[in-house]
Each structure stands twice: as structure tokens, then as C-alpha cells.
Amino acid sequence: MFDIHWHARDGNQSHKETVTHSLHVAYATGLDAIAAMPNTNPPLIDLQSCRDYLSLADDVDVPVKFYVHIGLTPDVEQVKRAVEAWREEPKIIGRKAYWGRSTGDLSIVEREDQFYVLKTLAEEGYKGVLMSHCEKEAEMNDKAYDPQNPRTWSTHARPEKAEVQSFRDILQTAVGAKFKGTIHVAHVSTLEVVDEIYNYNKEMHPYDADANLGLSCGVTPHHLLLDYTRLDDPKTAPWFKCNPPLRSPETQNGLLKRVFDGRIPIIESDHAPHTEEDKLKEVPASGIISGHTWPRLSNYLMSQGMSEK
């Protein structure tokens, strides 16, 4: 198994997680490979930083392969360098774009910037995977979070419409920019986005039949198995706060159904550790420790009728 969405924290946040520990966790849970996200501190946005990060796995004595996604910024020159880095280093397997703010400083929130990033990728001939964090800035209001009613992180601060509208914006922008890679919606948390991606692919790309734009999505174990009622107890809610947030029981059940019927083809952990100090702040850090859940998730899915294959 390959977990394409993993947050190690080496650099200025190695007290939260490291590549070494990540690889040991991955090995213990039966994974063959993991791919790290670039929103580290400092971020992975050029060839040297990616290679330095990859080198942290060289002396780890477990048979788990380690890859990275290189981060993108609004600077089109950086985007060009990121494509060149991908061409030079085979362990850089994709690009990551944060179309709204999340953890760290990487984000591309303005529509004009989003267009030029996608246009630059197209002009540079990049046809690989673009991992996308889809939350639209204009539909988010982190100040609406109430620590005494933590469910507001999902219902008010970062509601489902933030993901849905961000995805629709990026799809429209990618078509206009003639991007010919695959936009992968990471940690998908809404049924609308899943179904629109499925219908787009099923109907042979009705928006842009000639552009060869691909769409895919992946879901996390926590969005599959947990819902926003986990946020109802202010004492324990911080450990279940993440971006995008846990959703309603109806949405959670719908996501699980869509894994079983094939509309969601990928499960990705989005393993994202934080310290207890970070989690107990008035506005807790977003992220769930999930990389260890693979055996339990596999057993649960098979107990519900999914084949081992």
C-alpha cells in the first residue's frame, strides 16, 4: 500500500514528527511507501530542499519507500523551478497547491494567481498530478470558530461549501488555463465534489473534451469513519479538529458508501501530528494523527464486505 498524503515535520517542527518516525510507523502498519506534503517549516518548494528532505530517509532501516510532493506558490518563476525539480528528481512525485489557507504558509488564494499557476504548469508541459487542498478563502471564516462549541469549525468556519466552491473554481480555471495534468482533490470531505468528479470522468470530461484534464480524489480514514459529533465535547474536540473539518453523519456515511461503490478510488491518511500544547490552544492546530490507522481501517472495510484486493 502507498499512502500518498503524509505530514512529517522535520525542520523547525521536528518535535511534532520526523521522517524517521514516520517510516517506522508506516512499516508497522504495513505500508510500502509514503509521500510527504511540502507545508513543512521551512516549506519544500525547490529542488535542494526536497532532496535534503528525501535524504532524511537514507539511513532509516525499514523497507518503506519515501517520496515528496513539491509545494507551489503564487510566484510563477517558482512554479517553473518546481516543474524542473520534478523532472530532475524522480522521488518528487507531484506538486501540491493549497488553494486556501491551511497549516503553514503555502497558499494560492487569489483567482488570478490560481489561473497563472495553472497556466504556467500547462505551458511548462506538466501533465502529472496536482495535489489540491480545496477550500475557498471567501467561504471560510476561522473567526467563526467557538471553542465552547467546536462543531462550529465544520458548520461555520470551514463549511462544506468552501470545498465545493473551491473545487468548482479550480476546475473552471484549469480548463481556461488548458492544464492537461490530473487535479487530485486531497482529503475530499463533501459528496458534491466526489460526485462531480465521478460524473466528469464517467461522461468523458464534458467540460473540456479536448484538453485531457484528469480529475481524481482521495478520502481520509477520519472523514470515512468519524463525523462532527466528535467536536461536541470541548475537552476532546481539539484532537479531532482538521482541515477540511469532519462533516455531518450523513456526509460521513455518504463518503463511506462512495468508497464501497468505487466513486472514491483512493484512501490517503493525511497523517498530521501536532503537540499537546498546539492542540490545547484557544484555536487548536488542525490535524489528526492517522498514519497508524491502516490495519484497523482495512479490517473494518473487509468486515463490511470489501474484498482484501
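Me: What makes a residue count as touched by Lys96?

Reply: Contact means heavy atoms within 4.5 Å. By that rule, and not counting residues up to four places away in sequence, Lys96 touches His5, Met37, Pro38, His69, Ile70, Gly71, Leu72, Leu130, Met131, Ser132 and His133. Keep in mind that this is a predicted model, where local features need pLDDT of at least 70, side-chain atom pairs count only at pLDDT 80 or more, and totals for chains, interfaces and linings use all residues. Residues are numbered from 1 along each chain as its sequence is written, and side-chain values use heavy atoms, with hydrogens and water left out.

Me: Why is Lys96 called buried?

Reply: Buried means under 20% relative accessible area, exposed means over 50%, and partly exposed is in between (1.4 Å probe, protein chains only). Lys96 has a relative accessible area of 1%, so it is buried. Across the chain, buried residues make up 54% of the 309 residues.

Me: Which strand holds Lys96, and what makes something a strand?

Reply: Lys96 is found in strand S4. Helices (H or I, at least four residues) and strands (E, at least two) are DSSP runs, numbered from the N terminus. The secondary structure of the chain comes to 11 helices and eight strands.

Me: How do you know that S4 pairs with S3?

Reply: Two strands pair if DSSP finds at least two bridges between them. S3 and S4 (residues 92-98) have four bridges, in the parallel sense, so they pass.

Me: What does S4 do with S5?

Reply: S4 and S5 pair in the parallel sense over four bridges, with Ala97 opposite Ser132 in S5. Next, S5 and strand S6 (residues 182-185) pair in the parallel sense over four bridges; the partner of Ser132 in S6 is Val185.

Me: Why are S1 and S8 called edge strands?

Reply: The open sheet of eight strands has the order S1-S2-S3-S4-S5-S6-S7-S8, with parallel pairing. S1 and S8 each have a single partner strand, so one side of each is left without a neighbour in the sheet.

Me: How do you know which strands are mostly covered?

Reply: Count the buried residues. Strand S3 (residues 65-71) has six of its seven residues buried, and strand S5 (residues 129-133) has four of its five.

Me: What makes a group of residues a nonpolar core?

Reply: It is a set of buried Ala, Val, Leu, Ile, Met, Phe, Trp, Tyr and Cys residues joined through side-chain atoms within 4.5 Å. The largest one has 63 residues, and those with the most contacts inside it are Leu23, Phe66, Val68, Leu72, Trp99, Leu121 and Phe179. Helix H6 (residues 160-177) gives the most to this core, with six residues. Apart from it lies another core, of seven residues, among them Tyr228, Leu231, Cys242 and Leu246.

Me: How do you know that the buried residues of H11 line one face?

Reply: In helix H11 (residues 294-303), Trp294, Leu297 and Leu301 are buried. Seen down the axis, the buried residues fall within an arc of 65° (from the directions from the helix axis to the C-beta atoms), so they line one face of the helix. On the other side, Arg296, Asn299 and Ser303 are exposed. The buried residues of H11 pack against strand S1 (2-6), helix H8 (221-225), helix H9 (249-260) and strand S8 (266-267).

Me: Why does the radius of gyration agree with a compact globule?

Reply: The radius of gyration is taken over C-alpha atoms, and the globule rule is 2.2 Å times the number of residues to the power 0.38. With 309 residues the rule gives a value near 19 Å, and the chain has 18 Å, which agrees.
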